[in-house]
Amino acid sequence: MPVVPMREILDRAFAERYGVAAINIVDDLSLEAVLAAATELEAPLIVQTSLKTVKSLGTGPLMAIWRARADATPVPVTLHLDHCPDREWITRCLDAGWNSVLFDGSELDVAENTRQTIEVVAEAGRHGAQVEGEIESVTGVEDDVGSDEAGAVHPTDVSREFIAATGIYSFAPAIGTAHGLYKAAPHLMPERVTEIVAEHPIPMVLHGGTGLSEEQFSDLIARGCAKVNISTALKLAFMRAHRDFFERSPQHADPPVLLRFVRERVIAVAREHILLFHSEGKAA
Ligand SMILES: [Zn+2]
């Protein structure tokens, strides 16, 4: 199965109301591990890169690793650029072959965000790529993008006008979630998803999902959150695997043993979320 456009994965998930995990990978090991989990569960998968990861690895090396891994994967997979406020990097990733981008204009006023998102949609369209849009910043810093201050939430009319004006493929509404770990239980606004989807039936994207309950995920997916981003959970599993390995074997000096241990932990976290969002068996 070659790499497919984002819409080939999300159109069906949105129509059938299951969620597809969109997992932020940080390197080749985590990429290979999440693809292995999707293969095992016969699930479609969205692989995401933060702008920080793109900058640290470079678009060329990252795309080469992606193609090598993804082309050998028997389930539908697609590559997405997570929160990117920088137009130049949007262009670089689209030119390099990313299938989808989140132009994060949430720091701009809505009119300017709308104007620029229209340009990004046109640019992506020339590459056969899709665009995710957002107008309200998700609380919390993720890989250097964002703020810990809760941003303004506009009436849902503003979201509906933004979607109509820009022609974005998917939309990340503010629903009370935050990036990172929750210090207190979030106050969710799931009805905002329903209100937007009622007028514009396009896939909604859930950010800040780490720490939500199974019921909260299921409810949001049923309302139209077809793409469910997972970043913090993978990062924690990745970091803790290293810590746990060295707590058990402080003198170990054989890197492949450590890498296999970390890989199993990353596979486990990907598997857990694929099952939680009910996309297992949907690769066919
Ligand atoms: Zn996010």
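Modeller: Directly after H7 comes Gly167, which has a positive phi, near 70°. Helices here are DSSP runs of H or I with at least four residues, strands are E runs of at least two, and both are numbered from the N terminus.

Colleague: Understood. What should I know about the model itself?

Modeller: The model is predicted, so local features need pLDDT of at least 70 and side-chain atom pairs count only at pLDDT 80 or more, while totals for chains, interfaces and linings use all residues. Residues are numbered from 1 along each chain as its sequence is written, and side-chain values use heavy atoms, with hydrogens and water left out.

Colleague: Back to H7, then. Which of its residues are buried?

Modeller: The buried residues of H7 are Thr156, Val158, Ser159, Arg160, Phe162, Ile163 and Thr166. Buried means under 20% relative accessible area, exposed means over 50%, and partly exposed lies in between, with a 1.4 Å probe and protein chains only.

Colleague: What do they pack against?

Modeller: Their partners are helix H6 (110–126), strand S5 (130–134), strand S6 (170–171), H8 and strand S7 (204–206).

Colleague: How do H7 and H8 cross?

Modeller: The axes of H7 (residues 156–166) and H8 (residues 191–199) come within 10 Å and cross at roughly 40°. The axes are lines fitted to C-alpha atoms over the stretch in contact, and the angles between N-to-C directions run from 0 to 180 degrees. H7 and H8 are therefore oblique to each other; angles under 35 degrees count as roughly parallel, over 145 as roughly antiparallel, 65 to 115 as roughly perpendicular and the rest as oblique.

Colleague: Which residues make that contact?

Modeller: On H7 they are Thr156, Ser159, Arg160 and Ile163, and on H8 they are Arg192, Glu195, Ile196 and Glu199. Contact means heavy atoms within 4.5 Å. By class, the contact of H7 with H8 has 2 nonpolar, 2 polar and 4 charged residues. Ala, Val, Leu, Ile, Met, Phe, Trp, Tyr, Cys and Pro count as nonpolar, Asp, Glu, Lys and Arg as charged, and the others, Gly among them, as polar.

Colleague: And H2 with H4: at what angle do they pack?

Modeller: H2 packs with H4 (residues 59–70) at an angle of about 25°, and their axes are 11 Å apart. They are therefore roughly parallel to each other.

Colleague: What lies in that contact?

Modeller: H2 contributes Asp28, Leu31, Glu32 and Leu35, and H4 contributes Ile65, Trp66, Arg69 and Ala70. These residues divide into 5 nonpolar, no polar and 3 charged.

Colleague: What does Met204 touch?

Modeller: Apart from its neighbours within four places in sequence, Met204 contacts Ile163, Phe171, Pro173, Val193, Ile196, Val197, Gly224, Cys225, Ala226 and Lys227.

Colleague: Staying with H11, is His273 buried or exposed?

Modeller: His273 lies in H11 and is buried, with a relative accessible area of 6%. Beyond neighbours within four places in sequence, His273 contacts Ile230 and Ala233.

Colleague: Now the loops. Where is Arg17?

Modeller: Arg17 sits in the loop between helix H1 (6–16) and strand S1 (20–24). Although Arg17 is not a glycine, its phi is positive, about 60°. Its relative accessibility is 33%, so Arg17 counts as partly exposed.

Colleague: And what is the phi of Glu42?

Modeller: Glu42, also not a glycine, has a positive phi of about 50°. Its place is in the loop between H2 (28–40) and strand S2 (45–49), and Glu42 is exposed at 52% relative accessible area.

Colleague: Finally, which residues does Lys282 contact?

Modeller: Leaving aside neighbours within four places in sequence, Lys282 contacts Arg12, Glu16, Tyr18, Glu42 and Pro44. Lys282 is in the segment after H11 and counts as partly exposed, at 25% relative accessibility.
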